Amino acid sequence: MTPESHSLTDKDLTGTDDPAAVPPPGCPAHGRGPGATHRLYGPEAEDLGALYEKLRAEHGAVAPALLHDDVPVWVVLGHSENLHMVRSPVHFSRDSRIWAPLQSGRIKPDHPLTPHFAWQPICSHAEGDEHLRLRGAVTGAMSTIDYRGLRRFINRATQALVNRFCEEGRADLVGQFADHLPMAVMCEVLGMPDEYNDRIVHAARDMLKGTETAIASNQYIVDALTRLTGARRAQPEDDFTSHLINHPAGLTDDEIREHLRLVLIAAYEATANLIANVLRVVFTDPRFRAQLNGGQMTVPEAVEQSLWDEPPFSTILGYFAKQDTELGGQRIRKGDGLLLGIAPGNVDPRVRPDLSANMQGNRSHLAFGGGPHECPGQDIGRAIADTGIDALLMRLPDIRLDCDENELRWTQTIASRHLVELPVRFDPRPPQDVMQQPALHAVPHQRPGWLITTSGSGGATTTPVEGRPTPPVAPPPTSAPVPLTERRPRPSLWQRVLRWWRGD
């Protein structure tokens, strides 16, 4: 089968065999791709959310579109169609090497979306037994994470970040909090806490932006993960990397490094966006915050609502047809590329006819994908967002937005929508000792009149729980209680043992 025989050809896009069938100047469709097909880049794609709805209205649940350099792709807009695609490995693969435009040379090596679809030896791009081997190693290493200890660390990391700006009374919760907390936690999970600093946060953000220094930033992260892999090979510890290395699947150093990079960057980007999105809604929607403050909504429920309304990743490129098939009423041919439409699928009117309806407790969104390639680290992301946001709001209960809502800005790509800044203001507070352990203090004397009595002040009393008579209770003293500093110190362990032995 020649490359020209794959779908999304000129006839598929225009409805005619004439390749010159393009809209005339002045036509509303002028400036689109061949056959007036919508481009997912350029001026028309400044508001991708609106563009997806236009595609849905024109084509239904699966629509043709164009990537950069007018590379054809199908955009899957329907919720059930997305789930069918990700759950059908017989028909659709994540291995981009079967993508027809890539095989034909239509996609050049310098294509701007190459980092999103370039094949790598990782579980996300593998199939069959190889996928089971690599995925099993990743999920096996993640199963060793102590989530109770992880939440304690997230709380300490949150307090440490707040300490950096709590005395100033104002902060940017994107650059000073949301971008930092996931990286601090993931460095701890992977076993490289010493690598966490402003430099690695900047490198991760710079690499995802695709700037001129993105290659150097990527190399900085790769070098850090290479050092980590070598160190854990020599001396394993109780961390994710050591468990990944020692898994029976026997991953090579290259496979380990690439999977560490996948886990680090995916968890960082997704969780940073998630935290920023939830906090933005808390500060801009009075009803949302009132529900949180009033107890009608918990922070985990607020996170799930955000995963519906503003998923951290808008789309994922991509899935690729392994054979001729049909999806959403469209003819999909072997070698076609498809875009996993997370954001448009979450607002599919067939599953959400009322977008203002409460989705608390409903986890059927597409934020973490599905099927064999469903995100294995979603529980880590939820733990970081739940614990971090809750700790922040508890620490700074009067925190509020320090600008008009319409002044907030985003950077948007085909993959995600990232809030640039989230300026806030609050009453200045002193830093806290984030490493202080719970202390044992002397217990104040109980007020003697607290028991429920069944007789006068001079008679016996009865506890409502046990119903046993107790000695008469003296009336409350009229003098002031003894200050805490004047009370007798707590007996030592040896003194308490002696008292127990004597029967005192």
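Residues are numbered from 1 along each chain as its sequence is written, and side-chain values rest on heavy atoms, with hydrogens and water left out. Since the model is predicted, local features need pLDDT of at least 70 and side-chain atom pairs count only at pLDDT 80 or more, while totals for chains, interfaces and linings use all residues.

Cysteines first. Searching the whole structure turns up 0 disulfides, a disulfide being a pair of cysteine sulfur atoms within 2.5 Å. Cys166 is buried at a relative accessible area of 0%, and Cys187 is buried too, at 0%. Here buried means under 20% relative accessible area, exposed over 50%, and partly exposed in between, with a 1.4 Å probe and protein chains only.

The whole structure holds 28 of them, counting a side-chain nitrogen of Lys or Arg within 4 Å of a carboxyl oxygen of Asp or Glu. One joins Glu269 to Arg205, with the closest N and O atoms 2.9 Å apart. That pair ties together distant parts of the chain, as Glu269 sits in helix H13 (residues 253-284) and Arg205 in helix H10 (residues 198-209), 64 residues apart. Helices (H or I, at least four residues) and strands (E, at least two) are DSSP runs, numbered from the N terminus. Glu269 is buried at 4% relative accessibility, and Arg205 is buried at 9%.

Arg257 has two partners. With Asp254 the N to O distance is 3.1 Å; these two are 3 residues apart in helix H13, so about one helical turn separates them. Arg257 counts as buried at 19%, whereas Asp254 is partly exposed at 45%. With Glu258, the salt bridge spans 3.8 Å from N to O, and both Arg257 and Glu258 are buried. Elsewhere, Glu53, Arg56, Glu81, Asp348 and Arg350 are linked in a salt-bridge network.

On to the second largest pocket. On a 1 Å grid over the protein atoms alone, a pocket is an open set of points with protein on both sides within 12 Å along at least five of seven lines, and lining residues have an atom within 4 Å of a point. The volume comes to about 470 Å³, taken as the space filled by probe spheres set on the points, which are joined across faces, edges and corners. Its lining has 18 residues, with Val281, Asp285, Phe288, Gln305 and Asp309 nearest the centre. H13, helix H14 (286-294) and helix H15 (299-309) each supply at least two lining residues, and H15 gives the most, with 4.

Notes. On a 1 Å grid over the protein atoms alone, a cavity is a set of points where a 1.4 Å probe fits but cannot get out, and a pocket is an open set with protein on both sides within 12 Å along at least five of seven lines; lining residues have an atom within 4 Å of a point.
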